[in-house]
Every structure is written in C-alpha cells, then in structure tokens.
Amino acid sequence: MQENNFLSGQIARELDFYRVRDEIALNAVSEETQEYIQQREASCDIETIRSLKKAGREWCTYLNSTRPAAISPWPQVNDLFEQLDVEGAQLLQDQIYALGLFAFSCEKAADSITSASMEFEIPELYKTVKDMPSLKNPHTEIFRILNQDGSVKDLPQIREIKNKISALRKEIENAIRKYTSDSAFSGILQSQVPAFKADRELIAVKASCRNQINGIIHEVSASGQTVYIEPLEAVQAGNALIQEEFNLESQLRLIFKELTAKLSPYKNDFITCFNKMLFLDSTLAAARQLIKTSGVFAEECDMTKEPPRIAAARHPLLKEKAVPVDINFMGQKRVLIITGPNTGGKTVTLKTIALFCLLNQAGFPLPAAEGTRLPYFDSVFADIGDEQSIDQSLSTFSAHMKKMAEMTKYAGEKSLVLLDELGSGTDPQEGSAIAMAVLDNLIEKKAFVIATTHHGVLKNYGYTNPYCINASVEFNQDNLSPTYRLLMGVPGESHAIDIAVNAGLEEEIISKARNYISTQQSDVSTLIKGLTAKHEELDQLLKEENIKNSELMIKSHKLHSRENNLLEREIEIKKKERSQNSDFVKETRSRLENLVRELREGEITREKTLGVKDFISQLNSQIEEQEENIKLQKKNLEEEKLKAEREEEEISSNGIRLSKLKGAHASNKKTSKKTSNKDALKNAQPQTYSSLPENKKKKEEKRIVLAEGMEVLAGKEKRKGTLVRKINSDTWSVQFGFLKMNVKENALVPVNIEKSIVSSKADYVLEKSSSESDEAPKYELRLLGMRYEEAIKALKKQLDLCAIYNFKNFSIIHGKGNGILQQAVHDLLSNYPGVKNFSFALPEAGGTGKTYVELD
C-alpha cells in the first residue's frame, strides 16, 4: 500500500495504531502474513483500501458459513523464490518441502473459494484466486520425491544404498550385542547398555580389563575407570556405513538439484501466488478480528454530502472495559470541541476517532456498530499532551506551539487535526486567544479538527462559530464520576471541585474554592447544567418517539401485507368463479344440445321428460353447491377486510397515514356482489319490447308496427320466427321452421328492435349491414326446403361466422332426397379452408340426411 508520512510514524504510535495492528496480525494463518500485516500503514490509495475491506466482508460471509477452513499454514518461503532463478542451485530437503506445503495451500484456497462462490456472493475473493496461476505441477513434482511428512520416498535411485546401510547397521548391532549379551564378558563391562560417541556404537569396559577386548579406544571417562571401545568386528562395518551414508547424501543432493531445476520455470508463478496468498490471509485475519470484536468495516463518507458518523465506538485496547460512544457529526461542522471533567474520557474519545480513521485507511475493521462511516484523510496531525503518549519534553508550551506551527503549515482540506487540551500550558487568556486564532486558520483551510479543552471561552467560540459544534463527556452528579458517554451539541463543565471532593480534599479548602468562583462563572455553570438536562430530556423523548415510529412502521408494513394478501385472494376467488362459470356453461351447453337433439329427433316420451327434469334438478344442485362455496369464501374475505380496516383505524389514530389502493378497493366493493348462476337462471328474461321502461315503451310504440313477413324473437326463449298473419288484436301466427304457433303480441320483439335495445345499453354500438341479421353461428344449420344457391350461400355464411366466433363444431340437416343438396354440401366442405373433418350422423341421429362438421 502507498505509505504516507503524515499517516504513520510518531502519530500512529501515539494513537496506538501499531499495537492494534499487531493484535490483528495474530489472526493470520501464516507467519509471513503476520509479518506482512505488521508492516502495513494507513494509506491514501482508496482503491486498495476498498479492495481490502470488500474482501474482508466477503471472508465474514465465508466464516459464518459451515464451510471448512480455506487456507492452510505454510512455512517461510519468500526467501526461496530467488534461489529458483540461480543456475545450478540446489534447495535443501526442508526448503523443497516448504515449497510443497505452500503450493498445497494455494491450491486448497483456490478450490475452496471457487466452490464457495457458487453458493454465495464473494466476487473479490473469487477474482483473486481466479488470477492465481496453478501450482499443481510443482506440487506434483515435489511430492513425487517427498512424502506428506517431508521424508524422502523409497526411490529406486537410493533403495540399494538404503538397503546396504540397513544391513551394516544390523551387523554393527550384532557385533556389539555379542559382548553385551554374553555372560562371559559381564565381569569386564561397566554397563550392558551400548554407548554412542561420535556416531559410533561403543561398549563401556573397565579400565583394568581393556586388554581383554580387541578394538579401538575412542574415549576415556573423566575418572579414568571406564574406557569406551569399538570392537574390531564393528570397526570395519562402521567405516563401510560412513561410506554408504555419504553415497546416500550425494544421491539425494543430485535428486534435489534436478528437482530444483524442474521448479525453476515456476518462479514467477510462485511469486504471484505468494502475493495473492498474503492478500487472502491478511483479509481473512481482518475478518476474524471483526467477528472477534463484533465490529464493522466503515462505510465511505463524502463530507460534501453527509457528515461522518461513528456508532457505538469502542477503543480496541480497552476490550470489554470500553463504553460504547456514539459520535454524530453535523453537516458543514468541521470542528468538534469536546469539554468536560478530567478522567471523563475526552482524550480517549479524541484518540478513538483518530485511531478509527487510521485503521479504516489500513483496511482494518473497527470495533463499532453498523452505520459507521468515515471519510478518507491524506494527513493526520496530533498534539496530544497526556503523559501516556507524549514525552515530557513535548509537554511544554513551546512544544505545543511547534506542533501547531506544523499543523497550520501543512494541513489541508483532507487533513485530520487532533488538539488535546487546547490553549493549556500558559496564561488562560492568552492561550485561549491563540487557540481560537489557530482554529480560525484551520477552518479557513477546511481541515477536520477535533479538540478538547477546559476553557469556557472556547465553549462560547464553539457556539458562535457556524463551523463548530460543542460536545461534552457526561458526568454523574450522584456518584461524582464520569459515565464516558459523549453528548453532542452540549458543552460540559470541568467539575474540578466535585472531583476534588471525591478525591478527599479538605472541606475548608473546598469551601474557599467555591467562594473564589465568580457569579458570572456560576451563571454559566447553571446554564450548562440546564442545557445538559434539556438535552437528556430531548434525547429520551427522541428515543421514545423512535420506538413508537418503529412499532407503527411494523404495524403499517403488516397491514399493507395483509391488504395485498386480501387483494390477491379476492382476485383468486374471481378467477376461480369465472373458471367455474366457464366450465359450467360449457358442460351445460353440451348436455343441453344432446337433450334438444333427442327431443327433436324423436317423440317426446315419459323417459325423455324425466331425463330433462333430472337434468334441471342436477343443474340446480350444482349451482347451489357452487354458490355456497363462493359465499363461504366471500364471508372469510369480508372478515379479513374488516379486521384490516380496524387495524388501519388504530394506526391512523396514532398519526400514521397509510397509502392504500382505495380506488381499487372501492371499485371492488361496488362490483363484488355478483348475480349468482342460480339467480341468473331463475330471473333471466328476454329483453322484449314490453319489458322496456314506460317512457321508452311509449316512444317505441309510436314508431314500431308489427307486419306480416317481419322476423321476430318470441317468448322467453327468444326463438326466431316469421310473422304469418294477425289472428286478432293481440295475437299473431308465427312460423318457426316447419311449425306454426299463435303468440301474444306483447311477447314478440322485432329482430332489429331487439338489437337496438341491446346496443343502447352497451358502452359501444356495433354497426351491421341489413344482410347480417344472424350475427352468430348455429349449432344446427337446417337447409331443408332451400334451393341449391340458397343452401350454399347459407352454408358459406355459417362457415364464416364459425371462423369469426371460433366455433368448432356444428351439424347440417340437408335431408336425403335425390342427394343433390347432400352432394353440394359435401363438395363445399371438401374445398373450404378450415374444415378439419365432416361425416354423416349415426342412423338413429339422422343418418345420411345429416352431416357433422368439425373445424380447425
């Protein structure tokens, strides 16, 4: 990361940045990553900071899942990469093993993150491993030579040498055992246990008996009582063993040299993967710190649009002792002046804010709550005058002035300036004057300033300057101790006398001190106390108001959800009702057609009459059943609506206005009551002329006159017929096909009049030519008695109407006769587009005198 001298060094040390950084480093898997984190400084590289924080958030998602650890530890490998580039170089066994473990960790991390990316969103981590070159080939080469524990495998090149070494060691062991296990030598041996000196196996012999064993003396004890002898039988085997071990070492060096040469082309891949793994492991360490401290990664903050905010801030080094502090800056306020008693937490608050800024710009999490947002600074200046952070030599007034001179010289719009105990160290009046002048200069430079002070003049400066805001650390008057809470917008008292009383200062001294306080100062103190009380009262009211608003918002959300559910249920009921009506109409139409066909094609018998009655009875039962179901559903729906309205009234009474689709609901209420199928069948009447309103009827009487040959609709069934002649004043003879019937005049409506009545009630008028009197296709087209041309014209018209109304099936009665009409009908159907199939009826249904037609 890009290092900035104004964000590191002494300033970072004073703010305890390095102590917190070292604590975060302990969460890393690898020692190399720990060293890498311990070298990180706060940066101005915004893109790098964003990448670190984004990866940290994604690691939190990973850690909160049930997936296994993604990164395995690896030994130190960074110093080995350069050796891969040296011609003829040979890595040692443990160095090669370290590279193997590193390659394994890289492959595991890539596989784990790639797999996890299919389960949840971790784009930054996935991008990192996607850009990592594969180390699968180096991993395979290394563990072709080494076992998983780092030992060398039983390779063919060294198998014979290792067998010789094993045999020689066995020979030496037998030679030594010859003396230690034979009772004949027990008197001359100091110990039955062999001794190892300079990688040689020896026997301990009494000095007085040294000549009884042939061998080489390697050592004599300090007392001179024991000599360590290597028997001659073991000497030769030992020398051979040393030679074979040398041969083994030489062969292994050759193997490792060849392996190093094979790994050399992967040097750049190792370096790239190393940098990626440092990024992954360091961001994983930050995520673990976030979870451990219940912290967050700060959101970005543009101070031109919104002020910074720190929610429930806790200093990282105070651990569980820390008291959460909310710091809410205000728009256009760039100077925060904190006042209050000593030991009240002013300096801790100041250092916490600055420390959070450094941690944020190092990509580390903050021990704070969600909603924390901080801007990016390019420099931090601090004048912290407590003994814990600044050397004694810097506590003088001149040292303060030296630091302020540096601040006013280098500070800018993106600078954070910390001023602890501003105006102290000299005469209060002069110190306050200098402090205000410095603040004026920093405000002109648009720096972000946080200052602590005890001077009342600076409290007033904070009130009068539009770019400043006062804050105070709260003090408990009951137990004379600080609460460490920060009160924004209210200056604080120093409470020096109260603290002195609590510290045990004599009452007489306290009394004199109170007398020295001027009346004006007392008034200011009283004013501050009143402001503090009002602030606490307002804060409590705001909390209560927020709780109420939250509860009302939850109720509002629930009510809206219920309204949506009710609307969906209402729509579903209507859909279901329409579907049931459609199915009902289709089924009834089919059954009715069959009954009509049976009645027309034969005599009306008792069985047929009973069949019709049974059909009507079943029809009524089905309708009643449907209506009962719909009524039950509507009743439940109305109950739910009533309950929702009551909740709405309750919420409205609390001052919450709900935006509802009242227009939609109102229209639903108007149309919710529908005429049932049963009522429709019972109350359905033909729209006859006599049923018109009286005024309408009188107008129609003036211009409508029934005449012979006029086409009319008769009766409730609206059967179409032709007027033949008038029998008397109120009765007409009407021709219905081959049947003549006498019908009352008030039951007759001319076809054209009927159409005009229906059209007048609609929202639109469909204009038709006079030749289109039959506007719908017929279920049964009767051509009997027609001439050839008339029959063909009627059939063509029927087919056209079927195409318009999507009518799929009908029948044609053409009779048998000489077969001329029958042949003409079949010829037309054969050549007419859209006819899918046609066939004669069954013998009992008309046979060859009737044709059934099926359309596409």
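Let me start with one residue. Tyr36 sits in helix α3, residues 31-37. Keep in mind that this is a predicted model. Leaving aside residues up to four places away in sequence, Tyr36 touches Leu278 and Ser282. Leu278 is 242 residues away along the chain, yet the two C-alpha atoms are separated by 7.4 Å.

Now the whole chain. There are 856 residues, and 41% of them count as buried. The chain has 24 helices and 23 strands. Take the contacts between residues at least 6 apart in sequence: 67% of these join residues at least 24 apart.

Next, a sheet and its helices. The sheet is open, with four strands in the order β1-β2-β4-β3 and antiparallel pairing. Which strands stand at the edges? They are β1, residues 195-197, and β3, residues 215-220. Each has a single partner strand, so one side of each is left without a neighbour in the sheet. On average, neighbouring strands are turned by 45° against each other, direction ignored.

Look at the pair β2 and β4. These strands pair in the antiparallel sense over four bridges. Within that pairing, Val205 has Val227 in β4 as its bridge partner.

Two helices pack on this sheet. Helix α8 touches β2 and β4, and its direction makes about 15° with that of β2. Helix α9 touches β2, β3 and β4, and its direction makes about 65° with that of β4.

Stay with α8 for a moment. This helix covers residues 156-180, which is 25 residues. At 1.5 Å a residue it should span 36 Å; the end C-alpha atoms are 37 Å apart, which agrees. The buried residues of α8 include Ile158, Ile161, Ile165, Leu168, Ile172, Ala175, Ile176 and Tyr179. What do the buried residues of α8 pack against? Their partners are β2 (200-206), β4 (226-231) and α9 (232-263).

On to a strand elsewhere in the chain. Strand β8 runs over residues 335-339. Five of its five residues are buried, so β8 is largely enclosed by the rest of the structure. Both faces are covered. Val335, Ile337 and Thr339 lie on one side, with Leu336 and Ile338 on the other. The pairing of β8 with β12, residues 448-452, is parallel, over four bridges. There, Leu336 stands opposite Ile450 in β12.

Last, a helix pair. Two packed helices are described by the angle between their axes and the distance between the axes. Here the helices are α23, residues 788-805, and α24, residues 820-831. They pack at an angle of about 35°, with axes 10 Å apart. The crossing of α23 and α24 is right-handed. Which residues of the two helices meet? From α23 come Tyr788, Ala791, Ile792, Leu795, Lys796 and Leu799. From α24 come Leu821, Ala824, Val825, Leu828 and Leu829. That contact divides into 10 nonpolar residues, no polar and one charged.

Terms used. Residues numbered from 1 in each chain as written. Predicted model: local features only at pLDDT ≥ 70, side-chain atom pairs only at ≥ 80, totals over all residues. Heavy atoms only, no water. Axes fitted to C-alpha atoms, helices over the stretch in contact; angles between N-to-C directions. Left-handed = near helix turned anticlockwise from the far one by under 90°. Contact = heavy atoms within 4.5 Å. Nonpolar A, V, L, I, M, F, W, Y, C, P; charged D, E, K, R; others polar. Expected span 1.5 Å × (residues − 1). Buried < 20%, exposed > 50% of the residue type's maximum accessible area, 1.4 Å probe, protein only. Pairing = 2+ DSSP bridges.
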